[in-house]
Amino acid sequence: MTGASRKAGIGAAIARRLVADGASVLLHGWDAHDEAQPWGADGLRSVAMELATDGGRVATAAADLSDPAAPRTLVESALDQFGRLDILVANHARSVPWGPLRDVTAAEIDLSYAVNTRATLLLVKEFAVVRGDAPDGRVVLLTSGQGQGPMPLEIPYASSKAALAGMTPSLAAALAPNATVNCVNPGPTDTGWASEEIKQKVTAPFGRWGQPDDAAKLIAWLVGPEAGWVTGQVISSDGGWGLTRP
């Protein structure tokens, strides 16, 4: 479970659901990224302690996913801790406001793709390698609805996350029939980063922003036994927000 270092985040919400369903979970995070953001960092160990207090079997692994060796290290950590790996949820993201296209740099494009795209593809690869022909694996990627409308001030982030949605059918075919691969777009989600002004401007037909548990409920189903016939799909769990985009 990558990108799970903030208590108010989608990753932590997914981890809570998986633990409640009986899964053992390796939590990944990179506090240095969160500490550089306006919302700050709770700390990976803080999230893990919360889940452990609730009876969950959890472990942690900090890793900078801009390092191409990090995906293999994370997969090996999961095997070391729990002896097997059945589910991969790639929730991590490098998401920083960047401004207009004229200000975008090659360095930021490269870093966004390294973290958001390359690391995710390598995680899926390592997942497939260690599982071999074992059946009933589950992979869930997260995108951000870039296909539903423009994000002109977040070009590096938007393009690198859009690549994941575009690759989902190919990854699903590559892992079939041993694992399903799906991609979730959670839409605007209240994880503490948005101001009240932004929340008022961005609305959905249901009249509210998503909560982290909204996406977590869908992902918990996708990684469970009832979703074994669902693969290669990009699914929006966004309260109909995409319906309001031009």
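In this predicted model, the buried residues of helix H4 are covered by elements including strand S1, strand S2 and helix H5. Those buried residues are Ala-70, Pro-71, Leu-74, Val-75, Ala-78 and Phe-82. They span an arc of only 140° around the axis, so they sit on the same side of H4. An α-helix has 3.6 residues a turn, so residues three or four places apart point the same way. H4 is made up of 13 residues. From its first C-alpha to its last, H4 reaches 18 Å, close to the 18 Å expected at 1.5 Å a residue. Just after H4 comes Gly-83, with a positive phi of about 85°.

Helix H1 (residues 10-20) is mostly covered, with 8 of its 11 residues buried. The buried set consists of Ile-10, Gly-11, Ala-12, Ala-13, Ile-14, Ala-15, Leu-18 and Val-19. These residues pack against strand S1 (25-29), helix H3 (44-53) and helix H8 (212-222). They also pack against S2, S3 and S4. Gly-22 follows H1 and has a positive phi, near 100°.

The sheet comes next. Its 4 strands form an open sheet in the order S3-S4-S5-S6, and the pairing is parallel. S3 and strand S6 (234-236) stand at the edges. Each has a single partner strand, so one side of each is left without a neighbour in the sheet. From one strand to the next, the twist averages 20°. S5 and S6 run parallel and are joined by 3 bridges. Asn-185 stands opposite Ser-236 in S6.

Two helices meet these strands. H5 packs on the sheet and touches S3, S4 and S5. The direction of H5 makes about 180° with that of S4. H6 lies across S4, S5 and S6. Relative to S5, H6 runs at about 165°.

In soluble globular proteins, nonpolar side chains tend to be buried together. The largest nonpolar core here holds 28 residues. Val-124, Phe-127, Val-139, Leu-141 and Leu-175 touch the most other members. Two or more residues come from each of strand S2 (58-62), helix H4 (70-82), strand S3 (87-90), helix H5 (106-131), strand S4 (137-142), helix H6 (155-175) and strand S5 (179-185). A second, separate core has 26 residues, including Ala-4, Leu-51, Val-89 and Val-223. Leu-175 belongs to the largest core. Leaving aside neighbours within four places in sequence, Leu-175 is in contact with Val-124, Phe-127, Ala-128, Val-139 and Val-181.

Most residues other than glycine have a negative phi, and most peptide bonds are trans. The peptide bond from Ala-176 to Pro-177 is cis, with omega near 0°. Pro-177 is placed in the loop between H6 and S5. Asp-136 is found in the loop between H5 and S4. Its phi is near 65°, a positive value in a residue other than glycine. Asp-136 has 56% relative accessibility and therefore counts as exposed, the cut-off being over 50%.

Terms used. Residues are numbered from 1 along each chain as its sequence is written. This is a predicted model: local features need pLDDT of at least 70, side-chain atom pairs count only at pLDDT 80 or more; totals for chains, interfaces and linings use all residues. Side-chain values use heavy atoms; hydrogens and water are left out. A nonpolar core is a set of buried Ala, Val, Leu, Ile, Met, Phe, Trp, Tyr and Cys residues joined through side-chain atoms within 4.5 Å. Buried means under 20% relative accessible area, exposed over 50%, partly exposed in between (1.4 Å probe, protein chains only). Contact means heavy atoms within 4.5 Å. Two strands pair if DSSP finds at least two bridges between them. Axes are lines fitted to C-alpha atoms, for helices over the stretch in contact, and angles run from 0 to 180 degrees between N-to-C directions. The expected span of a helix is 1.5 Å times one less than its number of residues. The arc is that of the directions from the helix axis to the C-beta atoms.
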